[in-house]
Amino acid sequence: MWRFNKTKLEQQLAGVYELQHILSKIEPVDWTCPYDGIIFHSDLTVTSNFWNTVKPASYFSNACPDDRYSYMLSHPLFQVVWGRIYTNLPNTIIRINPDINHLTPSDMLDVITFILGTFNGVEVASWDEKIDIDAFTSLEVAERLFVGSQRNNPKVPSVSSTTIYWGKRNGQQVKVYDKAKQRGLKGKQLTRIERTRKIPKKNRENASYFLLNARNDGFKNMNMVDIDSIDGRSKIRRLIKAEGSINTAYKKLTRAEQKAFKKHSAYVYPVMDIQSVLSKDIEEWMRRSPLLPLKIITETWKEMSVWGGRNTLVAVECNPIALQTYDKVSITGWDFGRRYNTERFTHIEPIEL
């Protein structure tokens, strides 16, 4: 396998504008990012420009951590392997952590384009979605967090640890841990809820669609149950106290009791709507990219029962950077109370606002 010397690699990439304009940005104080890592797959290979830039830092290594690929490169902004050995694999895999590096969605597309020359044909294979909360400790979250997709009970790896795992690392794992302790924030309480999502190849979204559009499927089948509102004399409450988690307690109920629990107000009205918290973080993160979203009017063909078939202007919201259609569009604006239309153009023509 070909590896890359870290010091020499950073020297080679020091003059690359596509990366330096990202690295030189002033870090925002109120940074919020919903993803701890995103993995992209593509059948494209790295561009000749990318290879010529990093080639001087390459060396051959017999210590092979991944025998499925010929090249493995690690940089502060991204990790990439390419040159597949087996044809059933994607030719290139890119991993980017937008949280650590304070990358916006458009920053990530810039990084992908620098490596592959385009973000078309690049798909999102997996990601870690997360939120940080200060209302509960990790052990208190473990009591309340119902993870419907996991059959196994949550596990605490050691007596002194406050990290709890649902599921296996190579699966759709959920992890809850003390983020304040990890960051060295003394006297503060901050708990991270993190979930790994892995998507089958047939269901994967392209990179631009995933990064530039809101999502409402975050923390799917997860619920922060309001256990404090459950009668302490009830079977489920006694099981929660004995087992230490709602997941373990739920599995000891009969089928009828489980159905009744799903209708209980403690489940229907959770103590915290973690899906809404994640959706809000995604929306806030997306808006850090410029020109998102831009309202356009696009000309489409619609069958109308009254008028028959005719061309109709339909108002839609579109992310300009992700506009990948050959339909003609027109921007609509207002001037002194009067609407006007610009001349029609195709997406390959530049827009100046």
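This report describes the fold, cores, aromatic pairs and some local features of a predicted protein model.

Because the model is predicted, local features are given at pLDDT of at least 70 and side-chain atom pairs count only at pLDDT 80 or more, while totals for chains, interfaces and linings use all residues. Residues are numbered from 1 along each chain as its sequence is written, and side-chain values use heavy atoms, with hydrogens and water left out.

## Overall make-up

The protein has 13 helices and 17 strands, where helices (H or I, at least four residues) and strands (E, at least two) are DSSP runs numbered from the N terminus. Of its 353 residues, 42% count as buried; buried means under 20% relative accessible area, exposed over 50%, and partly exposed in between, with a 1.4 Å probe and protein chains only. A contact is taken as heavy atoms within 4.5 Å, and among contacts between residues at least 6 apart in sequence, 67% join residues at least 24 apart.

## Nonpolar cores

In soluble globular proteins, nonpolar side chains tend to be buried together. A nonpolar core is defined here as a set of buried Ala, Val, Leu, Ile, Met, Phe, Trp, Tyr and Cys residues joined through side-chain atoms within 4.5 Å. The largest such core has 60 residues, and those with the most contacts inside it are Phe40, Phe50, Phe78, Ile115, Leu145 and Ile193. Helix α5 (residues 105–116) gives the most to this core, with 7 residues. Apart from it lies another core, of 14 residues, among them Phe146, Ile240, Ala266 and Tyr267.

For isoleucine 193, contacts beyond the neighbours within four places in sequence include Glu129, Lys130, Ile131, Val141, Leu145, Phe219, Met222 and Ile274.

## Aromatic pairs

A pair of aromatic rings is described by the distance of the centres and the angle of the planes. Rings of Phe, Tyr and Trp (its six-membered ring) pair if their centres lie within 6.5 Å, and planes under 30 degrees apart count as stacked, over 60 as edge-to-face and the rest as tilted. By this rule the count comes to 17 aromatic pairs. Tyrosine 35 and phenylalanine 210 form a tilted pair, with 5.3 Å from centre to centre and 40° between the planes. Tyrosine 35 lies in strand β2 (residues 35–42) and phenylalanine 210 in helix α8 (residues 207–212), so the pair ties together parts that are 175 residues apart in sequence.

The rings of tyrosine 71 and tryptophan 82 have their centres 5.0 Å apart and their planes at 10°, so this pair is stacked. Tyrosine 71 belongs to strand β4 (residues 69–74) and tryptophan 82 to strand β5 (residues 79–84), 11 residues apart. Both residues take part in one aromatic cluster, formed by Phe4, Phe50, Trp51, Tyr71, Phe78, Trp82 and Phe114.

| Residue | Relative accessible area | Class |
|---|---|---|
| Tyrosine 35 | 1% | buried |
| Phenylalanine 210 | 3% | buried |
| Tyrosine 71 | 21% | partly exposed |
| Tryptophan 82 | 4% | buried |

## The β4–β5 hairpin

Two strands are said to pair if DSSP finds at least two bridges between them. Strands β4 and β5 pair in the antiparallel sense over 5 bridges, and they form a hairpin with 4 residues between them. Within this pairing tyrosine 71 stands opposite tryptophan 82 in β5. Proline 76 has its place in the loop between β4 and β5, where, at 44% relative accessibility, it counts as partly exposed. Leaving aside its neighbours within four places in sequence, proline 76 is in contact with Glu10 and Asn101.

Helix α13 (residues 274–286) has 13 residues, which at 1.5 Å a residue should span 18 Å, and its end C-alpha atoms are 18 Å apart, which agrees; the expected span is 1.5 Å times one less than the number of residues. The buried residues of α13 are Ile274, Leu278, Asp281, Ile282, Trp285 and Met286. Seen down the axis, these buried residues fall within an arc of 130°, so they line one face of the helix, the arc being that of the directions from the helix axis to the C-beta atoms.

Most residues other than glycine have a negative phi. Histidine 102, in the loop between α4 (98–101) and α5, has a positive phi of about 55° although it is not a glycine, and histidine 102 is buried with a relative accessible area of 17%. Phenylalanine 219, in the loop between α8 and β12 (222–224), has a positive phi near 50° and is buried with a relative accessible area of 0%.
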